[in-house]
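Subject: Model handover

Hi,

My notes on what was found follow below it.

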Amino acid sequence: MSEQQNDNRLREGYERLLERMQGGANELTWENLQKDLDDAVEFESELEEYTKDELALLRAWVERDLKDMRYYMADTGKQVASWLGIDIDGLSRRVAESLLSIADRSVVDRERFEEDLEAARADYCEGEMAAPGLMACTHCDAQVMLPTVARLEPCHQCGHRYFYRFPNKIIET
C-alpha cells in the first residue's frame, strides 16, 4: 500500500471516529468522552483492518484535537470555526457536523469538563493526522493551512516538526 493510500485510510478513520462520537453521552465528562472514544475506536477496528499501532494513533490524534478544541473554547469563549482558523462552511460536511456536535455537548458541561481535563495540552507533531485548520510552526511561526484532515508535514520554512493551532497562541507583552 502506498503512503498516500495509507494516509487516506487514516484520514477516513479519523473522520469516522469523529462521526461515531457525535451520538455520545449527553453528560460530557472526561470519563464519558474517554468511553465514547474507546467505543468509536473499537467500532473502527471491526470496520477496517488497522494495526494496533494505527488504532492507537487514531485515538491519540482525535483525543488531542478534542482536548485542544475544548481548551480553546473554554479559554476564549469562541466557537469551533475560530479554533480551526477557517471558514466552517469550507469544511467537509462530515467533519463540520462531527466537530460542531461534540462542541455543542461541551457547552453544557464546560465547567465540569474543565475540572476533569488534564492540565497539559498536547502539541502537534509532524507525521500526525490533525483536524483541518490553521497551524503554525513552534520554531519559526510559519503558518500552514490544513484544508482537510491531513497528516502534518515538517515545516516548509524551517523543517521543524512541532506545531500549534494558530488561534491558540498566546502573545505575551
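The largest nonpolar core has 22 residues, and Tyr14, Met21, Leu58, Val62 and Leu66 touch the most other members. A nonpolar core here is a set of buried Ala, Val, Leu, Ile, Met, Phe, Trp, Tyr and Cys residues joined through side-chain atoms within 4.5 Å. Buried means under 20% relative accessible area, exposed over 50%, and partly exposed in between (1.4 Å probe, protein chains only). Helix 1, helix 2 (30-47), helix 3 (52-76) and helix 5 (93-108) each supply at least two residues of this core. Helix 3 gives the largest share, 7 residues. Helices (H or I, at least four residues) and strands (E, at least two) are DSSP runs, numbered from the N terminus.

This is a predicted model: local features need pLDDT of at least 70, side-chain atom pairs count only at pLDDT 80 or more, and totals for chains, interfaces and linings use all residues. Residues are numbered from 1 along each chain as its sequence is written, and side-chain values use heavy atoms, with hydrogens and water left out.

Leaving aside residues up to four places away in sequence, Val62 touches Tyr14, Leu17, Leu18, Met21 and Leu37 (contact: heavy atoms within 4.5 Å). There is also a second, separate core of 10 residues, including Met135, Ala142, Ala150 and Cys155.

Helix 1 covers residues 3-21. Its 19 residues reach 27 Å from first C-alpha to last, close to the expected 27 Å (1.5 Å times one less than the number of residues). Its buried residues include Tyr14, Leu17, Leu18 and Met21.

Now the strands. Strand 3 (residues 133-137) runs antiparallel to strand 4 (residues 143-146), joined by 4 bridges. Two strands pair if DSSP finds at least two bridges between them. Met135 stands opposite Val144, and Leu134 partners Met145. The two strands form a hairpin with 5 residues between them, and Asp141 in the turn has a positive phi of about 65 degrees. Strand 3 is also antiparallel to strand 6 (residues 162-165), through 3 bridges. There, Cys137 has Phe163 as its bridge partner. Since 5 of the 5 residues of strand 3 are buried, it is largely enclosed by the rest of the structure.

Last, the cysteines. A disulfide is a pair of cysteine sulfur atoms within 2.5 Å. The count is 0. Cys137 is in none; its nearest cysteine sulfur, that of Cys158, is 3.6 Å away. That is too far for a bond. Cys137 is buried at 0% relative accessibility, whereas Cys158 is partly exposed at 34%.

Best regards
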